[in-house]
Amino acid sequence: MSLPGEVLAARVKYPLTPQERELLLQIVPERLPRHIAIIMDGNGRWARQAGFRDRIRGHEAGIDSVRTAVRACGELHLRALTLYAFSVENWQRPKKEVDALMRLLIRFLNEEIPELNENNVRLVASGRTQDLSDECRRALDNTMAVTAGNTGLVLNLALSYGGRTEIIEAVRQIATEALAGTLDPVSLTEEAFSARLYHPELGDPDLLVRTSGEFRVSNFLLWQIAYTEIYVTPTLWPDFRRAHLYEAILDYEKRERRFGKVLEKPS
Ligand code: IPE
Ligand code: IPE
Ligand code: MG
């Protein structure tokens with residue numbers, strides 16, 4: 001008897017553990033989410049639990065999980081993966097931690113280029129990237145430029161990102177256009193508003209995953225998650241592997257998305 005995920009298993013490039021294979025085989029390709037967003041949380045707790053005094057060890061360990069998630073989403077031929085890497089509020093953390101996160105980001109951006117290109121992944125960013133250091137901006141701009149021609153998965157890094165900031169920036173732009181007479185406020189639609197957000201072409205996320213068990217959205221994609229399915233796992237981000245992603249997808253595939261409508265057939 002054939003299993004739904006056989007076509008997906010035939011596509012994988014990175015070796016699967018037997019448990020991952022078993023999960024993957026249950027995934028129904030036709031029901032896959034097109035866009036997954038992840039709040040990568042729990043690095044500090046992971047470091048503490050692993051006996052490190054420095055939270056930064058958790059951020060370092062989280063890089064492997066990022067690589068794993070990008071590989072896995074690419075293999076599944078998803079359209080987009082949005083990763084919450086640094087929020088506007090995260091600037092308020094101790095300077096030492098912010099500096100370490102920025103160093104890790106620069107290293108990731110530089111070191112991942114060959115693999116992103118091998119896997120046909122295009123990098124984009126969402127957020128106030130103008131607030132990043134020049135060195136960070138250069139690395140980001142370079143990786144985006146050298147992956148710009150890739151046609152597979154879009155990896156959208158949310159950097160210096162805030163959902164409210166994103167909305168305010170769109171509102172400012174709309175107000176400016178209205179004052180200039182190029183936009184009629186009365187005929188503003190949801191589509192026209194969305195078009196002024198950071199990356200509307202990626203579409204709203206179908207599935208939002210948050211690691212480390214917190215049931216909150218922490219200012220992430222406030223507009224875009226209006227009808228997104230939410231999945232919270234207690235797994236800390238540095239422990240997040242392909243099996244956890246497949247479990248999240250399987251859970252998502254069982255859900256009935258109603259978008260406010262009634263789906264039952266009329267009796
Ligand atoms: C998530 O891990 C990474 C960032 C927010 C940059 P945390 O650093 O928030 O880890 P916890 O939540 O304190 O465990
Ligand atoms: C959300 O995690 C931000 C990122 C994952 C980048 P936080 O750890 O900053 O969020 P709170 O403080 O738990 O809400
Ligand atoms: Mg946290």
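Mentor: Let's begin with a term: a residue counts as buried when its relative accessible area is under 20%. Keep in mind that this is a predicted model.

Trainee: Thanks! Is V66 buried or exposed?

Mentor: V66 has a relative accessible area of 9%, so it is buried. You will find V66 in helix 4.

Trainee: And which residues does V66 touch, leaving aside those up to four places away in sequence?

Mentor: Its contacts, counted that way, are M40, L83, F108 and W237. Take W237: V66 and W237 stand 171 residues apart in sequence, yet their C-alpha atoms are 8.8 Å apart in space.

Trainee: How should I think about nonpolar residues in general?

Mentor: In soluble globular proteins, nonpolar side chains tend to be buried together. Here, the largest nonpolar core holds 53 residues, and the members touching the most others are I36, L81 and L155. Helix 5, residues 95-111, contributes the most to this core, with eight residues. Apart from that core there is another, of nine residues, including A37, I39, F220 and I225.

Trainee: What does L155 touch, beyond residues up to four places away in sequence?

Mentor: L155 is in contact with V70, L81, L83, L116, V121, R122, L123 and V124.

Trainee: Now helices. Which residues of helix 8 are buried?

Mentor: Helix 8 runs over residues 163-180, and at 1.5 Å a residue its 18 residues should span 26 Å; the end C-alpha atoms are 26 Å apart, which agrees. As for your question, the buried residues are G163, E166, E169, A170, I174 and E177. Viewed down the helix axis, they fall within an arc of 135°, so they line one face of helix 8.

Trainee: Which exposed residues are on the face turned away from the buried side of helix 8?

Mentor: That face carries R164, R172, T176 and L179. The buried residues, in turn, pack against strand 4 (154-161) and helix 9 (190-194). Just after helix 8, look at G181, which takes a positive phi of about 85°.

Trainee: What span should helix 10 have?

Mentor: Helix 10 covers residues 242-254, and its 13 residues should span 18 Å at 1.5 Å a residue; the end C-alpha atoms are 19 Å apart, which agrees. Its buried residues are R242, A243, L245, Y246, A248, I249, L250, Y252 and E253.

Trainee: What do the buried residues of helix 10 pack against?

Mentor: They pack against helix 2 (18-26), strand 1 (35-39), helix 4 (56-75), strand 5 (207-211) and strand 6 (229-233).

Terms used:
Residues numbered from 1 in each chain as written. Chains lettered and ligands numbered in written order. Predicted model: local features only at pLDDT ≥ 70, side-chain atom pairs only at ≥ 80, totals over all residues. Heavy atoms only, no water. Core = buried A, V, L, I, M, F, W, Y, C linked by side-chain atoms within 4.5 Å. Buried < 20%, exposed > 50% of the residue type's maximum accessible area, 1.4 Å probe, protein only. Helix = DSSP H or I, 4+ residues; strand = E, 2+ residues; numbered from the N terminus. Contact = heavy atoms within 4.5 Å. Expected span 1.5 Å × (residues − 1). Arc of directions from axis to C-beta.
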